[in-house]
Amino acid sequence: MRHLISPQDLSMEELDELLTLGQDIMNNQSKYAHVCDGKKLATLFYEPSTRTRLSFEAAMINMGGQVLGFSEASSSSASKGESVADTIRVISCYADICAMRHPKEGAPTVAAMHSSIPVINAGDGGHNHPTQTLTDLLTIKTQTGRLDNLTIGMCGDLKFGRTVHSLINAMVRFPNVKFVLISPEELRIPSYLRREVLDAGNIEYIETDKLEENMPKLDILYMTRVQRERFFNEEDYIRLKDSFILTKDKLQYAKKDMYILHPLPRVNEISTDVDDDPRAVYFKQVQNGVYMRMALIMKLLEVEIPC
Amino acid sequence: MRHLISPQDLSMEELDELLTLGQDIMNNQSKYAHVCDGKKLATLFYEPSTRTRLSFEAAMINMGGQVLGFSEASSSSASKGESVADTIRVISCYADICAMRHPKEGAPTVAAMHSSIPVINAGDGGHNHPTQTLTDLLTIKTQTGRLDNLTIGMCGDLKFGRTVHSLINAMVRFPNVKFVLISPEELRIPSYLRREVLDAGNIEYIETDKLEENMPKLDILYMTRVQRERFFNEEDYIRLKDSFILTKDKLQYAKKDMYILHPLPRVNEISTDVDDDPRAVYFKQVQNGVYMRMALIMKLLEVEIPC
Amino acid sequence: MRHLISPQDLSMEELDELLTLGQDIMNNQSKYAHVCDGKKLATLFYEPSTRTRLSFEAAMINMGGQVLGFSEASSSSASKGESVADTIRVISCYADICAMRHPKEGAPTVAAMHSSIPVINAGDGGHNHPTQTLTDLLTIKTQTGRLDNLTIGMCGDLKFGRTVHSLINAMVRFPNVKFVLISPEELRIPSYLRREVLDAGNIEYIETDKLEENMPKLDILYMTRVQRERFFNEEDYIRLKDSFILTKDKLQYAKKDMYILHPLPRVNEISTDVDDDPRAVYFKQVQNGVYMRMALIMKLLEVEIPC
């Protein structure tokens, strides 16, 4: 039995297979309308996340499956002192597969060890969020036609943004990918990532606090939210939050085929006048998230691909 | 694409069509068991409302569709600062139609502007609650056989009760409808409604604080709850809340074919000994609410009516 | 129409029928995949209980049915002052059957009186939890092949544990069942149970605080959680909670075919090294809970058993 805890759990072949399946689902959704008939997905959200939870639910329902679960810890047995190991053994009696979001890093790993159904990590603390990363990859591949030979700009909170870390880890596996890491000094990527992933892998990258002047070289611009709760004081937040806002004006320096991604929710880091630009694909990305989750659920349940 | 934000969004022809469809669903429910197979309804409840949410869910499930969503704001992305405009664009990727309840007036209107799926207003602040009004209309029409030539009594909190305002707005569109507005002085209908709707439309109405003596003229008695939270102080609440209670005793003055409606939940404004009276149709009204929502979802999804 | 409020509502014949159906479902699950197509279950949980709620939901979904409901009181109309009687009349318009968990003893009984759909008590205060008891019976019967001629050990909090009281009440109906009641002095079974059920029924039992030395005589060991909230002070809790922990060591004194049950969630009253012992059947018990609820829903909906 397979689980998905980190994007690195997948071999390059498996990743390729998944992305190909995701693209086929995108183009032939009706073909998949009954591949999960009679199957149940449990959504175990110990921390609320409407977007991710509903994406999983839509994915399962699109394939004819059903959903059960909870959307916050207070209505789970965790509040009665039950261990994650016990909870997953119970859930294994109720469902065929589960998606778990947990505030504690490593909780989905513990679950996977005791589960008799596939466990998908739907986000664990600041750690991993592999289905977001798969979604990002599908979006990049669909928009640009490739996952190699890309210059990827990442902008905003690169220190705490787990989607950023996860995407860097995923993209360095492809040849000739370069990064332009755009953030305030205080929110640069963690040093372990710089040292162990980028430097160790001989990956080309720059760190900068200039969005505009780096714009022309980018094939992808990955924007992220600067979360208020990451700052020690209000002053720093206010000073920094607006520094890295993408506006229509700044976009004039971008390539005609540079695509803008964002894991959402956005607050104000992309001004709404950018939304109509054909390069803004963050809502398409949301749709892709459903397709990728469909592909992933199919793969983990070992559902046969219909012809 | 159509949305339903206010009952007035519907032309008289459309309203008639919807009510006719609602009645057909009432009489031939099984005919509609699969008209929404493969469709998904998103219930976006930023404010809890079990009754309304479950009515929508039952409606969709009755037609073979599926449901996903959230039942309170705390488990939505709103708490992360996302705008309603962005939320609905995301939800558009997950579902085919959505029902939104929001504490802020106008939120469903904003949603509709940015949505690529039909939006149904499931209640926005003190403003509109169109599916309740459609339910009321179906109930009146089914019970009395008509929507014109009626004398409608409305009793209780006429100041804050949005279902009352909404029903008045809907009924003045039909010929020869009169109103008897029964409330404490402090809870009379808002003056804009008196001036702009009743007076401007030359509608016959009286305002009174006497329930019993007006009973004999009524074809419909629409009771409403007097909510504690509407009062500035506890004394006023206690003094007024019992003044307009419907009892079996008071019912003796009513016509044999006067029907009693209530949008529910009731607290004590209708005493339980009235429940068995054949004129008490407030639980039938709940059932009608499911039929009307089925009709509305079908219409907005442009589902063909099966023969 | 039938409800299930207490396990004693069922005659011995009905109980036998239900258990036989539960066993058939266990062995031929696919046979039942569509027996509830088009039916809706409402889960009305005025008090959170993930395990029980999800078990009901899995049961209904396994039979092709659909589920709607709420998982805590705050999102129900109860918070607006609605009576249980009114709520159930509303829910009767939305669903074909309902499962209600309520903090107040007797609430499901009140609901049943006003309901036009079958009501299943999913736990009311410290009172009844009949579907847990049915699950326990199915587990005992499946593991040992019988429900008579058994010596049943019950260990832990016997004072407040409603599953214990309910199981004693159920088991005394079978011939030659003996009890070994193992608990700290402070947490012995309530005196009404001792007097009115055990003594009045001439049932053989002992009360003791020794787990190990009583182990060899047991056919069933029913472990329960000692809940912190049952104690008046922290000291008592800490002193007592570990006294009745089942470990691998203590298990050496048990029969080779003594089965260990636990209603879950467990905190630490069974150490995890016991989990792999073939006599530990508490997770199998969870699975049985789904089968029993399927059987019960079928029976109350008067669904025909497929051949």
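**Domain and chain contacts**

Between domain 1 of chain A and domain 2 of chain A there are 4 residue pairs in polar contact, both residues at pLDDT 80 or more. On the domain 1 side of this contact, two or more residues each come from helix 1 (12–27), helix 2, strand 4 (119–124) and helix 10 of chain A. Helix 1 of chain A gives the most to that side, with 9 residues. By class, the side of domain 1 of chain A that touches domain 2 of chain A consists of 12 nonpolar, 11 polar and 5 charged residues. The structure described here is a predicted model.

The count of salt bridges between domain 1 of chain A and domain 2 of chain A is 1. A salt bridge links Asp16(A) to Lys141(A), with 3.9 Å between the closest N and O atoms.

The division of chain A assigns residues 7–128 + 289–300 to domain 1 and residues 131–274 to domain 2. Domain 1 of chain A contributes 28 residues to the contact, and domain 2 of chain A contributes 19 residues. The centres of the two domains, taken over C-alpha atoms, are 26 Å apart. About 2000 Å² is buried between domain 1 of chain A and domain 2 of chain A, with 60% of this area on carbon and sulfur atoms. Met12(A), Leu19(A) and Arg51(A) account for 26% of the area that domain 1 of chain A buries against domain 2 of chain A, more than any other three residues.

The contact between chains was examined next. Chain A contributes 24 residues and chain B contributes 20 residues. The area buried between chain A and chain B is about 2000 Å², and carbon and sulfur atoms give 52% of it. Leu54(A), Ile61(A) and Phe283(A) provide 25% of the area that chain A buries against chain B, more than any other three residues.

There are 3 salt bridges between chain A and chain B. Arg51(A) and Glu82(B) form a salt bridge through their side chains, at 2.4 Å from N to O. Arg51(A) is also one of the three residues named above for the area that domain 1 of chain A buries against domain 2 of chain A. Polar contacts across the interface of chain A and chain B amount to 7 residue pairs, both residues at pLDDT 80 or more. Helix 2 (50–62) and helix 10 (282–300) of chain A each give at least two residues to the side of chain A that touches chain B. The largest share of that side, 9 residues, is from helix 2 of chain A. The residues on the side of chain A that touches chain B comprise 10 nonpolar, 7 polar and 7 charged.

Chain A superposes on chain B by a rotation of 120 degrees with 0.0 Å of shift along the axis, at an RMSD of 0.0 Å. The two copies are therefore related as by a three-fold rotation axis. The copies use different surfaces, as 8% of the contact residues of chain A recur in chain B. Gln66(A) comes closest to the rotation axis of the residues of chain A, with its C-alpha at 5.1 Å.

How values were computed: Residues are numbered from 1 along each chain as its sequence is written. Chains are lettered from A and ligands numbered from 1 in the order in which they are written. This is a predicted model: local features need pLDDT of at least 70, side-chain atom pairs count only at pLDDT 80 or more; totals for chains, interfaces and linings use all residues. Side-chain values use heavy atoms; hydrogens and water are left out. Contact means heavy atoms within 4.5 Å. Buried area is the accessible area (1.4 Å probe) that two parts lose on being put together, summed over both. A salt bridge is a side-chain nitrogen of Lys or Arg within 4 Å of a carboxyl oxygen of Asp or Glu. A polar contact is a pair of N or O atoms within 3.5 Å; within protein, one must be able to donate a hydrogen and the other to accept it, and residues adjacent in sequence count only if both atoms are side-chain atoms. Helices (H or I, at least four residues) and strands (E, at least two) are DSSP runs, numbered from the N terminus. Ala, Val, Leu, Ile, Met, Phe, Trp, Tyr, Cys and Pro count as nonpolar, Asp, Glu, Lys and Arg as charged, and the others, Gly among them, as polar. Copies are superposed by least squares on the C-alpha atoms of residues with pLDDT of at least 70 in both. Domain bounds come from an automatic or database domain assignment.
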